2 protein chains.
Amino acid sequence: MDNDATIINALRKKGYKATAQRIAISRFALTSREHPSARRICREIRDTHPTVSLATVYKTLQVFKELGLVNQLTFPEEEARFDSYVKPHLNLICEKCSNITDIEDQSAQEVISAAKNARFVVSGVRIDVRGICQKCAKRDGTFQGSK
Amino acid sequence: MDNDATIINALRKKGYKATAQRIAISRFALTSREHPSARRICREIRDTHPTVSLATVYKTLQVFKELGLVNQLTFPEEEARFDSYVKPHLNLICEKCSNITDIEDQSAQEVISAAKNARFVVSGVRIDVRGICQKCAKRDGTFQGSK
DNA sequence: ATGCTTGCAAATCCTTTGCATAGTC
DNA sequence: GACTATGCAAAGGATTTGCAAGCAT
């Protein structure tokens, strides 16, 4: 696996050890499009590493955050979700199905420019749009006025 | 107080009672620019209502959220902060001093447009920019590339 | 070998809940 | 007067921490 090598290097470069758990977690967390929670990741990893603990998953995700490999999205009354798409983008968060979809759009850059114009030294961006995704809107007959 | 009348009406319209605690909380939480946490609000309110409990503050903030009067901003490892500026805007979040500054910018509308173009039914937006505010950058000698 | 990591359990912190009392409409 | 809100204490849930044993380097 070539991606494994990338993670292993990223870890070692910062003095972290490349353990089997960390690599397994990276395989899922850094490729999944579903913005998994720590519990979700733990369940997944246990398929191949039955002994991993939730604590280890949390610790590993902290390391990944430090390495700039994931962003942590927190929500009221819900567990945090981890996003491996770290470039500026929009999170479309469906209030029905809880899916989160990343979309690229130039408005993300415009947000950054606006902050810089306000003399702010930008280190990161989080853009969430809450609402109903297309799938749920169709299913439930929620109609959308255009524009 | 004219603002009090507004809150009282908003509460009653939805079947909530206009208690002294709720009015006191609204006076601070809905006018403060500092994005206070529940604890912060509780401390403030106790100056005039020494018996208010943190639980009441949390319950009241839930009501205000329901009424669309505040947004709740959650963060990793920190308490939630409440934002009474409910129109789409940018939150500039300083990682040094923890201050949050709201700024208006058209990029907020562009974010919404982008979501709509993706066939998403928008109900709310949260735009956070993390970094260092102008004050802290000056104080600490953090230099900013202009752009 | 050395020191970081794991996994368990316990601890922590924020937030919510249950319930008797008090206040609002 | 009926019903909701308050305030206390206790519960809840996500995340973190301490520590002995196990790995990576």
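By class, the surface near DNA strand D (near: a residue with a heavy atom within 4 Å of the strand) has seven nonpolar, six polar and eight charged residues. Here Ala, Val, Leu, Ile, Met, Phe, Trp, Tyr, Cys and Pro count as nonpolar, Asp, Glu, Lys and Arg as charged, and the others, Gly among them, as polar. The model is predicted: local features need pLDDT of at least 70 and side-chain atom pairs pLDDT 80 or more, while totals for chains, interfaces and linings use all residues. Residues are numbered from 1 along each chain, chains are lettered from A, and side-chain values use heavy atoms, without hydrogens and water.

Arg12(A), Tyr58(A), Gln21(B), Thr51(B) and Glu77(B) come nearest among the 21 residues around DNA strand D. Polar contacts (pairs of N or O atoms within 3.5 Å) include one of 2.9 Å between the side chain of Lys17(B) and a base oxygen, and one of 3.3 Å between a polar backbone atom of Ser53(B) and a phosphate oxygen. Helix 4 of chain A gives the most to this surface, with four residues; helices (H or I, at least four residues) are DSSP runs numbered from the N terminus.

Around DNA strand C there are also 21 residues, of which Arg22(A), Thr51(A), Glu77(A), Arg12(B) and Tyr58(B) come nearest. Of the atoms of DNA strand C within 4 Å of the protein, 73% belong to sugar and phosphate. The side chain of Lys59(A) lies 2.8 Å from a base oxygen of DNA strand C, and that of Arg12(B) 2.8 Å from a phosphate oxygen. Helix 4 of chain B provides the largest share of this surface, four residues.

Terms used. A polar contact is a pair of N or O atoms within 3.5 Å; within protein, one must be able to donate a hydrogen and the other to accept it, and residues adjacent in sequence count only if both atoms are side-chain atoms. Helices (H or I, at least four residues) and strands (E, at least two) are DSSP runs, numbered from the N terminus.
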